[in-house]
Amino acid sequence: MKISVIGAGYVGLVTGVCLSSFGHRVTILDKNNSKIRSLTKGNSIIFEKDLPELLRKQLKKKKLLLTSSYDDVAQNDVFIICVDTPFINKKPYKKNLIDSIESLLSVISDDSLIIIKSTAPIGTFREIESLVNKRKMKKNVSLCVHPEFLREGSAVSDFLNPERIVFGTSNPSDIDLFKEIYCKDSFQEKILIMSPESAELTKYAANGFLATKISFINEISRISERCGADIEEIKLGLGTDSRIGDQFLNSGIGFGGSCFPKDLQSLSFKKSQLRLPDGILEAALDGNELQLQNFVDKILEFKKENKISFENFSLCIWGMSFKPNTNDLRDSQSIKLVQKLIKHCKKINIYDPVCKKNEILKQFSNNSKLTIFNEKYKSIKNTVGLVIATEWDEFKNLDFDLVKTKVIFDGRNCIDKIKCNKNNIQYVGIGRG
Ligand code: UDX
């Protein structure tokens, strides 16, 4: 099968590289030329487990091609659209998606299937369908919706071991093509066929549900810390109930990233268009803000209780990406945390295992109060408190001989509280009264 993937972001890159590993001849197209040049040399651009190795392997096998030109994909049969659909000015922004469809329609020369994998607002399928119909194409162009459920940090493994493969279509004759794309035997029974609208909403519902689960446990954590309970014990008590499940019950400083905040906002926007009142989804978004502020308040309370002046208040923050095992800073709670704390501190030191210094500083308009360190233990020197903002494995096994701060503010409950206290360091976690 000759497949084109449009857009070489997280989703497009992982999709293209993995599909080529199934034996398809895949061309990844991105309008950013320098990205394409890097990828052609085997540099995967993003920090994603297993991706660089698979990318280089597929390039070597000549099963994977990269281009910036739509003319180079004109002869392909299947086009998977993976361009970004951000939320800008309180609205979903679909221009990149529509532009890429327009560009495709002006070059495709044969019967083809266009797969919308970008997360697009409900109704986008019908909008694109009428756009295709208006073009009165000579060839048969079929459309479908195919949401992605890839988690950054384990996206390759998620793609290769899917729990479900959702296609939304109004054209049952395309089902054989879907099966051919996901040609492995083990995938066949995982393919779920539904209407385009259901597929569009399934994606938002999945992310909405998971984000709500996080906001729920975070709300319980705020109750827990005010009544002497421990959210880590409660998590066990809840997660062992198979009806609830033990995933997405980690209490912390809230959810971030390129999907949850944007998808919840987008779904809430759709609700307002449908004249539906605010409900659980909006509460999940508000709860996420509240949870971060609650953590900031605890840090400031410590400062006040210990009578630490502004001049003497310096913090060290570990972890800037929105979660571990990625260098993605988009909508990261860590960034918002620094923004909230900066005016209360004389200085803030920052360490992240993979994010680049200039990328981090850019988030804060190069604020001179911030210093970025390459070595984590050096970053703590001469600071009052260490703040854990992301639960990287390397943070979990702290060498306490090298930590001399008065306090650890553990925003992800990943540090051993007992060890901390044994080393005469005060421990402030989430939901641990
Ligand atoms: C998410 C979905 O999981 C994925 O299916 C979808 O396709 C894209 O969006 P991703 O954004 O990569 O994936 O990250 P995920 O692992 O889901 O975490 C999202 C956020 O929730 C992170 O900020 C993470 O720190 C936070 N989180 C997650 C918690 O605070 N607690 C948890 O228990 C789990």
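Hi everyone, and thanks for coming. Two housekeeping sentences before the tour. Because the model is predicted, local features need pLDDT of at least 70 and side-chain atom pairs count only at pLDDT 80 or more, while totals for chains, interfaces and linings use all residues. Residues are numbered from 1 along each chain as its sequence is written, and side-chain values use heavy atoms, with hydrogens and water left out.

Let's begin with the whole protein. It has 17 helices and 16 strands; helices here are DSSP runs of H or I with at least four residues, strands are runs of E with at least two, and both are numbered from the N terminus. The radius of gyration is 24 Å, close to the 22 Å that the globule rule gives for 433 residues, so the protein is as compact as a globular protein of that length. That radius is taken over C-alpha atoms, and the globule rule is 2.2 Å times the number of residues to the power 0.38. Along the principal axes, the C-alpha atoms fill a box of roughly 75 × 45 × 40 Å.

How much of the protein is buried? Of the 433 residues, 53% count as buried. Buried means under 20% relative accessible area, exposed means over 50%, and partly exposed is in between, using a 1.4 Å probe and protein chains only. As for contacts (heavy atoms within 4.5 Å), among those between residues at least 6 apart in sequence, 69% join residues at least 24 apart.

Next, please find helix α9, residues 196-226, and helix α12, residues 280-305. Their axes come within 9 Å and cross at roughly 40°. Axes are lines fitted to C-alpha atoms, for helices over the stretch in contact, and angles run from 0 to 180 degrees between N-to-C directions. The two helices are therefore oblique to each other: angles under 35 degrees count as roughly parallel, over 145 as roughly antiparallel, 65 to 115 as roughly perpendicular and the rest as oblique. The crossing of α9 and α12 is left-handed, which is the term when the near helix is turned anticlockwise from the far one by less than a right angle; clockwise is right-handed. On the α9 side, the contact residues are G208, T212, S215, N218, S221, R222, E225 and R226, and they meet α12 residues including I280, L281, A284 and N288. By class, this contact has 4 nonpolar, 9 polar and 4 charged residues. Nonpolar covers Ala, Val, Leu, Ile, Met, Phe, Trp, Tyr, Cys and Pro; charged covers Asp, Glu, Lys and Arg; the others, Gly among them, are polar.

Helix α9 also meets helix α10, residues 231-239, with axes that come within 10 Å and cross at roughly 135°. That makes α9 oblique to α10, and the crossing is right-handed. Here I217, I220, S221 and S224 in α9 meet I231, I234 and L238 in α10. Those residues divide into 5 nonpolar, 2 polar and no charged.

Helix α12 has a further partner in α13, residues 333-341: the axes come within 10 Å and cross at roughly 45°. This crossing is right-handed. From α12 come N288, E289, L292, Q293, F295, V296 and I299, and from α13 come Q333, K336, L337, K340 and L341. The division is 6 nonpolar, 3 polar and 3 charged.

Let's finish with some single residues. K62 sits in the loop between α3 (51-60) and β3 (64-67), with a positive phi of about 60° although it is not a glycine. K62 is exposed, at 66% relative accessible area. K136, in the loop between α5 (124-135) and β8 (141-145), also has a positive phi without being a glycine, near 45°. K136 is exposed at 69%.

Which loop holds D71? It lies between β3 and β4 (78-81), and D71 counts as exposed at 59% relative accessibility.
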